[in-house]
Amino acid sequence: MIELGHTTKTHDESRQGEALELLPTGKSTGRKLYIESYGCQMNFSDSEIVASILVDNGFETTKDYKEADVVFINTCSIRENAEQRVRNRLKEFESAKAKNPGMIVGVLGCMAERLKAKFLEEEKLVDVVVGPDAYRDLPNLIDQVDDGAKAVNVLLSREETYADINPVRLNSNGISAFISIMRGCDNMCSFCVVPFTRGRERSRDPHSIVKEAQELFDAGYREVTLLGQNVDSYKYSPIVKEGEESLPVVNFAQLLALVAEVSPEMRVRFSTSHPKDITDEVLHMIANYENICKYIHLPVQSGNSRVLELMNRTYDREWYMERIDAIRRIIPDCAISTDIITGFCSETEEEHAETLSIMDYVKYDFAYMFAYSERPGTLAAKRYEDDVPEDVKKRRLTEVVNKQQEHSLYRLQDYVGKIHKVLIEGYSKRSDADYCGRNDQNSMVVFPVDERFKPGEYTNVLVERCTSATLIGRIVH
Ligand code: 5AD
Ligand code: SF4
């Protein structure tokens, strides 16, 4: 499997399958919850909402599924191998359940709708299946299972944003946190299951977002990442009751400013941007605020206009390149990362070469790269033949991966010899003698511990050298 680039925050491989742990806030039932998450950052953020709902209902959490009363797996459907991993994991839970027949096993998230019948009835792997918009119903669904029934709620909602639920920050470093600002997606990219698994796009009330950011800051956090499938189409229109004055609509640029105003000491990041929707207004807002990080994840998917049209991305090669030019013009020091799919239906060698050439044009700091995998129910599955042979998809992927490695190194080398403002996240994975943290552009920086600085503080680091993924340096005053 060649799926590289999973080291930044949207698909952080190091966190896949991570479990969460905390104590109940309500009256304890003595029951233990184990929850494991796969897929995108939105899923990890959702697990924090699920944990919050159940902790309020008397559960405590555990990191060991063998001692849990309720075992949940928050699933991802984006590519076939993501689904396969979940299925394997469910088989492992099956043997734990055989030893502990009272154990409830549940599937949450993106696989729920599509595979509910299979999981519940055919394979009898699980007791409860819950879709991403039905988490408030979990206590009730668990009751149903306690009463001997199987329980399902996969209804998608046009309104649910969980705005009032305070996610519990689990396994967090206490310094950076994610804030979900919208749910669902209306874009219908032809390869993508998200519009089917997560439903229609809806934006969360900006007041609840700013309140969450403020509370995080007050609790010592120094970085928030605003999450949505397409943050640039964030739009909140307040519901106005009769006789009340109408309030202005809030767009993404304005939301960024509202969150940035919480404190100049708190960094603001966001993901994911869509090339068709990212406006100059957003770019100027990033440039205007020192604490809005100069880093944009702008998935290109393909560098060829015909393939982009088949993908229903609603922009072409020229439009994408113009947006890149705008970023470079308005935010000259901005890092840019991307997502790329190789071997989409009917993609030719010449068209693939255009993906390589757009990579040369942008020289991305970072990329997530995938071979196309057909997803049932998507527009592409219905309309187009998945006709690029597997070995060709993989070979094209290798070419893309190799090129990206060159570009990542090129970008990191450009940082060598310069001073970077780094938010210290903690000790480096390799050694307690080193701190690690990120610069504005989201690159990981490692440097020797200086006791005068603590995690959660900013420091200036002179970068002296780099590896293929990390900057190495020392604190300077
Ligand atoms: N096959 C391969 N990659 C996909 N992605 C989404 N759907 C598919 C698919 N069917 C990739 C896209 C998207 C990222 C989150 O996952 O590049 O931006
Ligand atoms: Fe999927 Fe496209 Fe929406 Fe991203 S923008 S979630 S790729 S449909």
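Q: Why is Tyr162 called buried in this structure?
A: In this predicted model, Tyr162 has a relative accessible area of 1%. Buried means under 20% relative accessible area, and Tyr162 is therefore called buried.

Q: Where does Tyr162 lie, and what is its phi?
A: Tyr162 belongs to the loop between strand E7 (151-153) and strand E8 (176-180). Its phi is positive, at about 55°, although Tyr162 is not a glycine.

Q: What makes Asn312 count as partly exposed?
A: The relative accessibility of Asn312 is 28%. Buried requires a value under 20% and exposed a value over 50%, so Asn312, falling in between, counts as partly exposed.

Q: Where is Asn312 found, and what is its phi?
A: Asn312 is in the loop between helix H9 (305-310) and helix H10 (317-330). Asn312 is not a glycine, yet it has a positive phi of about 60°.

Q: Why is Val193 described as buried?
A: Val193 has a relative accessible area of 4%. The limit for buried is under 20%, and Val193 is therefore placed in that class. Val193 is found in the loop between strand E9 and helix H5 (194-198).

Q: Which residues is Val193 in contact with, leaving aside its neighbours within four places in sequence?
A: Val193 is in contact with Ser77, Ile78, Arg375, Pro376 and Thr378. Each of these counts as a contact because heavy atoms lie within 4.5 Å. By comparison of another kind, the C-alpha atoms of Val193 and Thr348 are separated by 24 Å, and these two residues are 155 residues apart along the chain.

Q: What makes the pair Lys32 and Glu67 a salt bridge?
A: The closest N and O atoms of Lys32 and Glu67 are 3.4 Å apart. A salt bridge requires a side-chain nitrogen of Lys or Arg within 4 Å of a carboxyl oxygen of Asp or Glu, so this pair meets the rule. Lys32 lies in strand E2 (residues 32-37), whereas Glu67 lies in the loop between strand E3 (60-61) and strand E4 (70-75), so the pair ties together parts that are 35 residues apart in sequence. By this rule, the count comes to 39 salt bridges.

Q: How are H7 and H8 oriented to each other, and why?
A: Helix H7 (residues 252-260) and helix H8 (residues 280-288) pack at an angle of about 15°, and their axes are 8 Å apart. Angles under 35 degrees count as roughly parallel, so H7 and H8 are roughly parallel to each other. Their crossing is right-handed. The contact is made by Phe252, Ala253, Gln254, Leu256 and Ala257 of H7 with Glu281, Val282, Met285 and Ile286 of H8. These residues divide into 7 nonpolar, 1 polar and 1 charged.

Q: How are H1 and H4 oriented to each other, and why?
A: The axes of H1 and helix H4 (residues 138-146) cross at roughly 65° and come within 9 Å. The range for roughly perpendicular is 65 to 115 degrees, and H1 and H4 are therefore roughly perpendicular to each other. In this contact, Val50, Ile53 and Leu54 of H1 meet Leu138, Pro139 and Ile142 of H4. The residues divide into 6 nonpolar, no polar and no charged.

Methods
Residues numbered from 1 in each chain as written. Chains lettered and ligands numbered in written order. Predicted model: local features only at pLDDT ≥ 70, side-chain atom pairs only at ≥ 80, totals over all residues. Heavy atoms only, no water. Axes fitted to C-alpha atoms, helices over the stretch in contact; angles between N-to-C directions. Helix = DSSP H or I, 4+ residues; strand = E, 2+ residues; numbered from the N terminus. Parallel < 35°, antiparallel > 145°, perpendicular 65-115°, else oblique. Left-handed = near helix turned anticlockwise from the far one by under 90°. Nonpolar A, V, L, I, M, F, W, Y, C, P; charged D, E, K, R; others polar. Buried < 20%, exposed > 50% of the residue type's maximum accessible area, 1.4 Å probe, protein only.
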